[in-house]
Structure formats: C-alpha cells, structure tokens
Amino acid sequence: MIFNASHIIIIVYYYEYVSQSQSESQQPKIQLRLAGNKRKHYEGRLEVFYNNEWGTICDDDFSILAAQVACRELGFLGAVSWSPSAKFGQGEGRIWLDNVHCTGREKSLAECPSNGFGVSDCRHSEDVGVICNQKRIPGHRFINTMNNNVETLEERVEEIRIRPISSHLKRIPVTEGYVEIKERGKWRQICDEEWTPLNNRVVCGMYGFPGEKNYNNKVYKSLSMRKKKNYWGFSVNCTGNEAHLSSCRLGKPLELKRNGTCGRGLPVVVSCVPGRAFAPSSSTGFRKAYRPEQPLVRLRGGSNIGEGRVEVLKNGVWGTVCDDNWNLRAATIVCRELGFGSAKEALTGAKLGQGMGPVHMNEVECSGFEKSLTDCYFNNDALGCSHEEDAAVRCNIPAMGFQKRIRLSGGRNPYEGRVEVLTEKNGSLVWGTVCSENWGMVEAMVVCRQLGLGFASYAFQETWYWAGDASADNVVMSGVRCSGTEMSLPQCLHHGKHISCPKGGGRFAAGVSCSDSAPDLVLNAQLVEHTTYLEDRPMYALQCALEENCLSSTAKKNDHSSYRRLLRFSSQIHNVGRSDFRPKLGYHAWTWHECHRHYHSMEVFTHYDLLSLNGTKVAEGHKASFCLEDTQCDEGIQKRYVCANFGEQGITVGCWDTYRHDIDCQWIDITDVKPGDYIFQVVINPNYDVAESDYSNNIMKCKCRYDGYRIWMYHCHTGGSRSSDMNEYPGMSNQLHFR
C-alpha cells in the first residue's frame, strides 16, 4: 500500500465505551480491550472491564456477529474473524461473559444476551479472541467514565504522516519532514516540548527506516515563523522499543498559548536514515539492486521485500531461529539490522517456510537496542525445536512508489494479467506493454514483488486471451533480464530508448500470474555423500538408459559386451516451501516412456554434472525428464502425488521425492573421466520452469576425488547453507547459470 507523504494508521490500544439503552442508569458499564499474544494492533484476546476488574469472554456460542459488535465498540469498522480456545493466550481473573448471543446490530457487548456477568462454566483455555478490520471508524470518539487505572483520553487521532518541505517533495523515499497527526479530519503538528529522540526512533521505524539523524534546524525554524501554528494538544512518550507510535504512552495535555504556539514554539521534525537498498542516489532516485556484504542475519522464503524466515550465521553455517519467546522486539532488531524499519509482525510456526540444517538460536530475548540479533540473549540449546518452529518476520519498508508505475491488465483477478508499465515518452508519462521475448519466471517474480502480490506462479509470453487496455498496446520496455534480487522491473537489465521486439506487443506482450505462496525444493546433501559408489555395468543392461540419453555420447559406439563406469548416488528432494511443487505442464503434455513404463512430467528437472576445479564440465548425467511423486512425508502429512497409473505428479509440502541409487539414470557416466579431483554438482529446476520461494538452495556441490578405481565424495552442501567467505570451490558461486 502506498500513502501520500507516508500516511500510516495509528491506533491506541485501550478503548472505552459508555453503553446506551432506554434506561441508561440500568445498563451495565463495560470497557473492552485487546490483549494477549497478539502480533498486530487490531487483534488479540477480548477482555472486558466490569465492576472494577478486567476479565475475559468464553468462546461458547460466540459468533462473528458478536465479534462485529466488539470490534465496532473498539473503534474498528468491523470484524474479520474470531478465534476460540485461547489462540492469543489464556487470560487471568474472572470470565465475565459466557454464551454471548448478538444479532450484530448492538452498540455494545453489554446489550447482547448472555448468562449474565460472572456466570460461566468455562476455563481460560476457552478465552475468545477477535481479529478486527484494521481500518478505523473515522472520527470515532471514546468516552471514559470509569476508574480503571488505564490512561485514557477523550480523543483519538486517526492518522500520522511525515510531511516534507517543498524542497524535498520529489525525494523518494520521504525521509524528513514535519510529523503531523490527523484529528477530526484536520492535520495538526506536534509541539516538541516533550518530544525525545526515542520518539523519532519509533516514527522512523514505522516508515521503514532503521534509524534517525540530525537535521538542519535553522530551515525549519525559519519556516515555522512564517506560518500559522496548528498544534495537537498532547505529548507522546516512547521508550524507543515500540514498533508503532500507537504503542507509546500519551502524555499530559499541553497548555497551548493564545497564538497557537507551545513552550518553545517549534513543531516536531523527524529525519530518518534509509537502509542501503533504499538510499537515494542522484541518477535513479534509489540504488540499483545490490548484493550486501556477508551479514550475520538474513531473511529467506519471503514473497516481498523485508519479510522472510530468520536465519543466522554461526561457525560459517547458516541456521534458523526457534520461535520460543519470539516477539516483536526481537523481530524489530532483525529488521533494523537488515536496513528496514521496525517489525510489523513476528511470525511463528514456520509461516514463511521451513529451513534446513541446524537451529542456532532459541528463547531469544532482546533489550531492543542491540545492533544485531546475535547480540541478544539466547539459549544455545535448541533441543526439541524442529524446523516447524522456525521464526520469521515482516518488516516496515519505505514507500518507494514502485506499485504506481506498474499494473496488471485484463486478468480474471487482481493477481494476474498483462504487464503494463508507466514510462516517460516525449515528456509525458504513458502506459505500455513489455516485450515477451525471453520473458521468464525470474522476471515474473520481480513484477509480482513490485506489486506486493507475492511470488509468480506463471510467466506468460502470449496474452491474447487477456483484453488489456488498448491504449497501452505499444511496447515500451524490451530485452528485460532480471537476476531476481531487483525491487522493480526498471532495475533489471533492459533496452534503453531503442526498443527491439520482433513480435511486438498486444497479444504477444508479457504477462504474469502471482501467488502468495510458493514451493521450495532442497536436496538432502548428506544422503548424496553417504550413498555414492561406482558400478561397472554392461551395455546390454543399459539400453533403456541409452534411449533416454542418460549415458555419455561415446556409449553409442560401444557394443553390448562392453562396460560403462557409473557414479551412482541417491537423491532425496524435500519440499520445504508453503505450496505443493507441481510440474509446469499438464497431463496432455507429459511424455510416456515405454522402456521405463511411466510418464515424465517435466522436460528438465535436474542436472547432474562432474566439473573440473575451474568449473569446466567433464561429465554429465542427463536427466531428460522426471517422474515426480511423494515417496515419504513428515509425520501427520498425507501423500498426494504418485506416478503409477497416470497419477497426478508433484511433491507435497512436507514430503520428499527419493530417487534411489539403483534406479536407471540416477548416475553420471564417468567412463571417459581421468583420475583427479573434481566438483560434483546437482541442480534442481535449473531452467526455473516452476516458481520457488528460494532458488539459491536448488544447487548442491561436493568435493570429489577419483583414483581410477575408487571415488570419495566429501564436504557436500546445498547452496546458501554456508558463509560466502567459506567458499571451498574456486571460481564457483551459489548462483545458477543456466538461463
């Protein structure tokens, strides 16, 4: 979502209500709040303040209608859903309400029929929670007539923004300006009488910036002298750890002077430091896609910039973080460390996919001011933590305006369509299409990310079936080649003003289909290392393999009595992503192989190569196509895909496809290879035919020594699993080079 001048909704967590009825004196007075283990400001355990005591509500007979009433009473437009069984943690004290029945039209939960206040047969394991619509009721007023020791104010603000001065209007992103609050539809400045640098830290974090800096006070002092003041009447007190200004305490009302000024007469100004990826540059307004220096923390598996599974580097090996005690404070440390703002969400339960390898950190506790997550207290012992508990984050990022310069047109839903970009032509901005020549999954991924629509599920080179905007048929961008790290399509390599697109636009324009989840395939490196051996096999037993091009070219000249030397191994490919891995082509395009008696669903699924130490290929095991199925699954997960009897093919999330070492073509033919030291390499999905959340772990490498009779395989690891400065393979990297 993009906001003018960086608008952000601000909510204060405590809400009050005076219930109204025909007989106001007889109506019970209650107050509601959201509490518990909430990750967002508009969700949580629903608690009621009644008879000078906070209590909870039982989930018996609770419904979405009751949730609607509660959320509106809290100042939101309505409810999205509700949760039983103490999803947001168990409360304490009384269970005030049970068997609540609402029609949805009530103004307060106090008006809904129930067993009566304090009459319940429930336990706190049945505490109800609600998830409200995050949009606020405009101008909603909260009245507090109850003495409940909760800081309250009669007015609540609706929005907050950073408003840049005129000389900074064209700067992207907006990093400096007046902090203004919207009250009753009017924007007001904040008096800096009690404003602190910790408040600046919170505001910058909200807008996606990791820190704050000093600014030229003389400019703003001069400007403030010329204009009429319009101050908000309250101060704000932050500790600096809040992820949002709504979490800060509101201070005492300020006494404004008759001329509208406060004590020192200056409005609050904030100046933020953007992360490296968002730092303005003179040429493009933002930096090109970059590859940062080796960090100690990284994000993996996220569909958008600033989100992903948290991984940390320890002893040169990347590992995950267990979600025990994982909270917004620790998540914010990660976000700021990586050049983003504060955390929007601290995700648990591997919601952004499971990692592989060790779990390095458990029970993380941060003060909130550490420079790195590795500086926080944590338990080295992660026993009992599985990758099903991998922690993840979603960070606030700056509003770069990328989404305004691209759109999808003609699709059946907002997640698909012809790609149309906004570009400058003859001094004006016009919409046009993208040339589809060489358009592939990596380019589609960048488009979906730029639009905030997640991952690409398909990349289309023909879009004749989508009626796009006829005025945008002309091609305005061609020769697009992306690496996959870009935040927007213009950051990819592409032709300049001289467009070259033989097929033209219109029906041949590039298109995409996006999805909020994707699979992620990872090869079990240890199994390869443990199952490698040599076999000398006669040609008469290799006729099927010869037909499928699984032997080197010299095999065609051999007679049936000769032998081929095969480097054999098992491969076990796990899907640790968030959606099933399905072949690109449907049933109609699968190929039947009579010799092996099954259908092959992908033309190229895996490459097996033996390389010299300088990266030259000396032998290959050509896997022309593949039969994809669930060989085994994690406990509690059912197999869905099987190759037999023309069954559906794929790999379910949490399952793996195993090709045993004794299966045809599960080898490299090394008959013509001389003794020496080599690199053994396996690449899954090498042509990016199917979208994945992480392509860096699709490659596996091993060191290999062959003495002419025996072979040793050692130091096997998947791409991205180790520190880049521990690269044991000269001239090689973890990037794929098959496009």
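**Reading the cores and a buried Asn**

Reply: Start with Ile670: leaving out residues up to four places away in sequence, Ile670 touches Leu534, Arg565, Leu567, Leu610, Ala619 and Tyr706, where contact means heavy atoms within 4.5 Å. This is a predicted model, with local features needing pLDDT of at least 70, side-chain atom pairs counting only at pLDDT 80 or more, and totals for chains, interfaces and linings using all residues. Residues are numbered from 1 along each chain as its sequence is written, and side-chain values use heavy atoms, leaving out hydrogens and water.

Me: How do I read a nonpolar core, and which residues of the largest one touch the most other members?

Reply: In soluble globular proteins, nonpolar side chains tend to be buried together. A core here is a set of buried Ala, Val, Leu, Ile, Met, Phe, Trp, Tyr and Cys residues joined through side-chain atoms within 4.5 Å; buried means under 20% relative accessible area, with a 1.4 Å probe and protein chains only. The largest has 34 residues, and those touching the most other members are Phe581, Phe605, Leu610, Ile668, Ile670, Phe680 and Met700. Apart from it lies another core of 30 residues, including Leu408 and Cys482.

Me: Is Asn575 buried or exposed?

Reply: Buried, at a relative accessible area of 1%. As for its polar contacts (pairs of N or O atoms within 3.5 Å; within protein, one must be able to donate a hydrogen and the other to accept it, and residues adjacent in sequence count only if both atoms are side-chain atoms), a polar side-chain atom of Asn575 lies 3.1 Å from the backbone nitrogen of Gly577. The backbone oxygen of Ile651 lies 3.0 Å from a polar atom of the Asn575 side chain.

Notes: Buried means under 20% relative accessible area, exposed over 50%, partly exposed in between (1.4 Å probe, protein chains only).
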